[in-house]
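Here is a short tour for someone opening this model for the first time. Have the sequence and the 3D view side by side as you read.

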Amino acid sequence: MFALVGRSVESLRQVARGLGTVLMHAARNPITKDFPDSMPHLAGHFRGRLALAVNPQSGDHLCISCLQCERVCPDKCIEITSHKSPETNKPELINFKIDHGLCMFCGLCTEVCPTSCIINTNDFEMADYSREALVYDLRKLTLTQDESAFYFNKKELPMPKPKPAKPAAKPAAAAAAKPAPDKPAATPEAAAQAKPEAKPADTAEAAKPAVAPDVDKTKELPKAGSDSAETKPEDKDSAKPAENKGEQ
Amino acid sequence: MTTATVTVTAPGRLPTTDGNIWEIWKFIRISAIWLSIIFGAVWLASYAVGGLIPSLLDKYMATSVAAQNIASILRLLTPLVAVLVFIPINATYMVLAERRGLALFTVRNGPNRVGPDGFLQTGADAIKLLFKENINPTGADILMFTLAPIVFFAPSVFGALPLLPAVTSENGLFNVLSFPTGIFYVLAMSSIPVVGIVMGGWASNNKYSLVGGLRSAAQAISYEIPLVLAIITVCIMVGTLNVSDIAWMQNPWELSQLKGADALARWDGLHVDSQAVQDLRSIGVQNLGNLAFFNWNIFGGDTVSGFLALCIAKKVAGGAMIFKGICALLLILCQWLLCGLYMTGACAEINRIPFDLPEAESELVSGYNTEYSGIRFAIFFLAEFTNLFIVATIAVVMWFGGGSAPIPSSMYAPVMDALGFIASNVNKLLFMIGVPETAPILDPKVMSGTFWAVSKVYFLVYFAILVRGTLPRFRIDQLMDFGWKRLIPLALILLLAVTYLKELI
Amino acid sequence: MTVELTSPELKTEEMLINMGPQHPATHGVLRLIVTLDGEIVKHVEPVLGHLHRAQEWQGQNRTIFQYQALIDRVDYLSGMFTSWAMARSCENIEGLVVPKRAEYLRVMLSEMNRITSHLLWLGTYLIDLGAMFGFPFYPFREREKLFDLFEAVAGQRMMFNYIRIGGVVRNPPFGWFDQLKYFLDEFNERIDEYEAIVTENPIFLKRTKGIGYLSKEVAMNFGMHDSCVRASGIPLDLRKTKPYSIYPEIDFKVPVREEGDTWARYMCRIAEMRQCVEIIRQCIEKIPGGTTEELRKGLGTTGPEKDDSKDLAPEMMLMAKKQNAGLRVKAGEGFSAVESPRGTIGCYVVSNGSDKAYRFRWRNPSFCNLSAVSHMLVGSPIADVMAIFGSIDVILPDVDR
């Protein structure tokens, strides 16, 4: 009899404890983020939509049509059309299609690209009304120079080597070839120079100290709770495909 | 731990155990606005139908017999109008309150897009439901299929009508419903929805619905017994079946107005003349008003508050006081247990967690609800929330004092005076524009009563929402086991205990 | 099917219920054909294959480099473990020794993955039992924090593609270890909160104690390996019985219980989550090179340029052998197994020296655990089916591959 009463009291106490714990949660901040009013702050190597970066300094396209990404893709969603350029005798890119409906965002193509041309952006808002609209071609995929600089900086990628001068201008090439070997060695300085250019695109991250042997990386992120203050180039980027979709 | 000075490059969420008043304030704000809308609308509608129009008819068409008949019919229909206006608006609010309440408990935002802070969310849901196709499953008995939601919903709504005068201090608009066997009528009407459940399950022509319907019916009739026994026990303690009287006797303010033989007549009628009652009359029944919420049945009602008043006035002393004090404590314990018993039985009646097996998604995909869509589903859905409100109202009237304030009457007098002042001025304004003086719109007792009753009812409703967010559900045989082998013996024991304890005090 | 009873006028039939592929509680597309006698389950037949995606065929038709990205999806809740099993079996063939730092990172991230898997199990189990509207959101809050950490290091919240043959892909960024420490510090309190709400709750106890008993013999005969057997009294955990990677250097306990019922499985998993916290803490202390800040300070860099340079001490490297798209594994056969949240994931590789493997064979724990489900379900009322089934922690992609 008393055991029964004791058990009942104990059960009630445990239920009350559970209710109290749940009630206490009302006094905690909600963890819901107000997407799309506040965009999530994503890491540098977040594997979002694929895009083709250009050289942040010169604006040249970085793709050399090696077709490595097309070969390595497990889903076979990349389709590259290229031909051998009659002038330089090297492959030249004509068109570059990625079917984002097939892509599984594994990032293997970005790993094998020798020039860091194809990269994963931080964009994940690709929803559209038809499967055909998910096939992005060269125009939609190419980033602007500012966006490329932003991503090169965020992903801590090494700056691309400059393209060698055209063989037709031989004397100029001889003169240009001289500073060219210096350039890779001076890449950290070039990187440091490129940083201030890239800064306007990305205001919230403090600049890396140029050629920094001391590693006090004071890159402060906006606090997780605040709405992202970065003027993300993706906003411009997402405006671009929207326009392109409109045109299509 | 303070995390403000961390320099992280990794995106992350910092520990979120900081205080959160803003969300709670938003919730309170929404509730206050919606509740004002609900009860304002209800009061206006009832006043218009039951007060304004009949009094206008009386004044300007006093000779016409037809007008007199219409006036009487309108007066009789007032409670119905009140209820009909109340149900949809209340459901609109309660669904939103439940979703936002559950979101508060689970550190989320609830609906906050449709309208400011999700104000109009339920409206949008209701419109969506109305646009859905009314599916008639093949092989289903269409007549029974359509009647089932109605049979489920209507009786409990009609059963709640006697509570209206209890909550509004027997205002003239609702007094027609104040009849001597009020609680019996309420309990009888709450037994009819079981038929609706079985009808719904059977007429759906679906194995799962049938099983769900039968389970729900079994659960409902099993848990009705502790529910009814709990209420009957309170009626035994109080001594009457009249809902209005039960509410009146717990109201400190009303008790404090009992000066003089005429006022006492009603009190005398409800109390068997005994030594304790004579002593209480000799010190003045109005002193009970100073004991505030000890007059509520949850704290033993008249019995214990009378005992406390006598102790304070030193009419009981020594061994008798200790003995009666122990009995009083036991009575209070019994009353708390009875209230808990009632709420458990009520949750089982209305199929709420932890007793929502018939609607369990992961077990039977919604039970007797499975085949319903559109307006019929909307009625079932509406019924669940309205039933919750009604059940909470019964609990408040029986145990928590109906419309009374938990404040001693001496401290509450200024409030009532202020309300009276406001009410009389507003009434004067109305009379100036031509409303007959037999139909005042505001009454301080109704204002105070509605406010306190609504607060208490929604407190219980939020408690039910908290329970919904915490507990898993019972299995069907455990449910029946719990009901028959645990709750019914407890109810019977409490019935005996309260009957004797009341006499001993 | 009719069952003849002694009184011929009372004829009963057994009812066949289809807990079909579409069911809110079968944790995936699983069809259970349940034969009921009244309310008691007489026979259960799981019908598998609704989620068959030919993962083993994919292994034969993709290069090994490509396949590493695909196998996260076999068991989506324990992506690290499947990658790890494959990586280990190929490393066994090649004879690669994975650098210590990479091993520590593998263990840390795998234990974090174990926590996320168990948290999801906890949430969905409570949904099966009926506490749908409150409790399940709390484990998901913790998962979100862990997902942010995963995203920072691996690039994705769930399909990591992080553990490769020979090591791991990259070092975590700055601040990652601090964030992880914050998480660990508050996670133990969170588990206490979950226990306050669930463990002693009388309704929960009634639903889980004594339900779904799994005996030792049945567990051993069916080759079950995870919390199910540890809850039945068999102390089988690959991290202790056949230690691999750096587990011998880490001090942790394996929770074992004797009761063998649903409640014991629940308690085992809760205790495992606490042990994961211990393991990760020790890894953070012992990892060669320390946090990323310390590592790069020693290297004199701020970025990842030198994280995989050849000048690094061998234990601080990330990969034993740098991978390229034409990754080849020497001809041979190799098998290795890891202890995943659901049991033992085993990968058997037959390689013929080219860049495509000849055969990949996966031993998945959910398939073996599911085979014993009929023993656990027969004799219990149908209302218990979901409670028991949920406690086995079956993931359908794991079953069907």
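Chain A averages a pLDDT of 71, and 65% of its residues score at least 70; pLDDT is the predictor's confidence in each residue, from 0 to 100. This is a predicted model, where local features need pLDDT of at least 70 and side-chain atom pairs count only at pLDDT 80 or more, while totals for chains, interfaces and linings use all residues. Residues are numbered from 1 along each chain as its sequence is written, and chains are lettered from A and ligands numbered from 1 in the order in which they are written.

Helices here are DSSP runs of H or I with at least four residues, strands are runs of E with at least two, and both are numbered from the N terminus. Over residues 169-248 of chain A the pLDDT is below 50, though this stretch still has 92 contacts in the model beyond near neighbours in sequence. A contact means that the C-beta atoms of two residues, placed from the backbone, lie within 7 Å. Where pLDDT is low, the predicted coordinates should not be read in detail.

Next, the place where chains A and C touch. The contact takes 29 residues from chain A and 30 residues from chain C. On the side of chain A, the elements giving two or more residues are α1 (2-24), α2 (68-72) and α3 (108-112) of chain A, and α1(A) provides the largest share with seven residues. By class, this side of chain A has 16 nonpolar, seven polar and six charged residues. Nonpolar covers Ala, Val, Leu, Ile, Met, Phe, Trp, Tyr, Cys and Pro, charged covers Asp, Glu, Lys and Arg, and the others, Gly among them, count as polar.

| Helix pair | Axes come within | Crossing angle |
|---|---|---|
| α6 (residues 176-198) and α11 (residues 262-286) of chain C | 10 Å | roughly 160° |
| α17 (residues 409-432) and α18 (residues 444-468) of chain B | 8 Å | roughly 120° |

Axes are lines fitted to C-alpha atoms, for helices over the stretch in contact, and angles run from 0 to 180 degrees between N-to-C directions. α6(C) and α11(C) are therefore roughly antiparallel to each other, whereas α17(B) is oblique to α18(B). The cut-offs are under 35 degrees for roughly parallel, over 145 for roughly antiparallel, 65 to 115 for roughly perpendicular, and oblique for the rest. In α17(B), Met416(B), Leu419(B), Gly420(B) and Ala423(B) meet Pro444(B), Met447(B) and Ser448(B) in α18(B). That contact has five nonpolar, two polar and no charged residues, while the contact of α6(C) with α11(C) has ten nonpolar, one polar and four charged residues.

Chain C also has sheets to look at. One is an open sheet of three strands in the order β8-β9-β10 (chain C), with antiparallel pairing; strands pair if DSSP finds at least two bridges between them. Its edge strands, β8 (332-340) and β10 (359-363) of chain C, each pair on one side only. Nine bridges join β8(C) to β9 (residues 343-351) of chain C, and Ser340(C) has Gly343(C) as its bridge partner in β9(C). Helix α3 (residues 79-94) of chain C packs on this sheet and touches β8 and β9 of chain C.

Another open sheet has three strands in the order β3-β4-β5 (chain C), with antiparallel pairing.
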